[in-house]
Amino acid sequence: MHRRHEPITMLTAHDFPSAHAADTSGIEVILVGDSLAMVALGLPDTNSAAFVVGDVPMGSYELDARQATESAIRMVKEGGVHGVKLEGGVDVVEQIRGVTRAGIPVLAHVGLTPQRSNALGGFRVQGKSVAGAVKVLRDALAVQEAGAWGVVLEAVPAEVAALVTKKLRIPTIGIGAGAGCSGQVLVQVDMIGNYPPGRFLPKFVKRFGDVWGETTRAIQSYREEVKGGSYPAGEHTYPMPKEEFAEFEKVVENMSRTVGSEEKQ
């Protein structure tokens with residue numbers, strides 16, 4: 001797709017239903033992000049059409065290449081992912097080299113790196129100055145040379161992300177980085193609208209649905225029908241032949257008489 005200049009679609013997933021929805025909707029890459037507090041997809045196997053990438057958790061790869069490789073191998077073996085994502089640029093090139101040497105594809109992540117947001121002064125746009133933009137480019141070039149198959153550019157000015165993309169051989173996946181990237185990624189719960197009113201959303205998020213509204217309406221309807229006695233209706237129950245039920249009533253009556261006589265004794 002990258003060679004054909006076809007935009008790549010990536011979406012996060014946090015459990016089997018969300019992964020299945022993304023997979024059957026034609027999403028090419030599924031990201032199991034640590035922002036969702038998950039490192040396992042919940043799939044019974046890895047036979048999805050999408051390429052599944054797991055976010056390596058903070059604290060499990062920063063020390064050295066060995067730690068990163070061991071963590072990545074565990075995620076592939078136990079989590080069922082196809083590849084992993086590491087946050088960082090120049091500072092994690094040895095980790096990327098180690099993981100790729102182990103035969104595990106690595107997706108890099110530069111610009112705003114959520115796991116290191118405290119060191120960046122919070123969730124701030126990166127690359128707004130010349131020095132900042134040069135750092136984003138250097139980080140992207142470094143992870144490319146280290147063996148990453150692609151790189152996420154997060155919260156970077158669109159012009160900077162587009163130029164960085166042109167300077168790389170590998171695809172870029174943008175999140176808050178404009179349309180000039182090779183592909184896009186969003187957090188699924190954000191883009192489908194599966195959150196209560198008033199929740200803060202980053203500027204780059206577009207809501208494509210209202211899953212929260214539909215879910216709450218369905219739950220409220222269920223509650224009202226249960227309270228009102230209209231659910232479950234006849235079509236929601238399993239029938240029993242009338243003659244069988246009549247016989248069952250006789251058995252219950254005999255049982256009641258037997259229990260009553262025993263209590264009197």
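Predicted model: local features only at pLDDT ≥ 70, side-chain atom pairs only at ≥ 80, totals over all residues.
Let me start with helix α4, residues 130–146, which has 17 residues and reaches 24 Å from its first C-alpha to its last, close to the 24 Å expected at 1.5 Å a residue, where the expected span is 1.5 Å times one less than the number of residues. Residues are numbered from 1 along each chain as its sequence is written, and side-chain values use heavy atoms, with hydrogens and water left out. Helices (H or I, at least four residues) and strands (E, at least two) are DSSP runs, numbered from the N terminus.

After the helix comes G147, whose phi is positive, near 115°.

Now to the packing of helices. Two packed helices are described by the angle between their axes and the distance between the axes. The axes here are lines fitted to C-alpha atoms, for helices over the stretch in contact, and angles run from 0 to 180 degrees between N-to-C directions. For α4 and α5 the angle is about 30° and the axes are 10 Å apart, and the two helices are therefore roughly parallel to each other, given that angles under 35 degrees count as roughly parallel, over 145 as roughly antiparallel, 65 to 115 as roughly perpendicular and the rest as oblique. On the α4 side the contact is made by A133, V136, L137, A140 and L141, and on the α5 side by V160, V164 and K167. By class, that contact has seven nonpolar, no polar and one charged residues, where Ala, Val, Leu, Ile, Met, Phe, Trp, Tyr, Cys and Pro count as nonpolar, Asp, Glu, Lys and Arg as charged, and the others, Gly among them, as polar.

The other pair to look at is α2 (residues 65–79) and α3 (residues 93–101), whose axes come within 8 Å and cross at roughly 45°, which makes α2 oblique to α3. Here A65, A68, T69 and A72 of α2 meet E94, Q95, G98 and V99 of α3, so that, by class, the contact has four nonpolar, three polar and one charged residues.

Let me turn to the backbone. Most residues other than glycine have a negative phi, and most peptide bonds are trans. H5, in the segment before β1 (8–12), is not a glycine and yet has a positive phi of about 60°; H5 is exposed, with a relative accessible area of 73%. A155, in the loop between β6 (150–154) and α5 (158–167), also has a positive phi, near 50°, but A155 is buried, with a relative accessible area of 9%.

Last, helix α7 (residues 211–228) has 18 residues and reaches 25 Å from its first C-alpha to its last, close to the 26 Å expected. Just after α7, G229 takes a positive phi of about 85°. In the loop between α7 and α8 (242–264) we find P232, and the peptide bond from Y231 to P232 is cis, with omega near 0°.

Note on methods: Contact = heavy atoms within 4.5 Å. Buried < 20%, exposed > 50% of the residue type's maximum accessible area, 1.4 Å probe, protein only.
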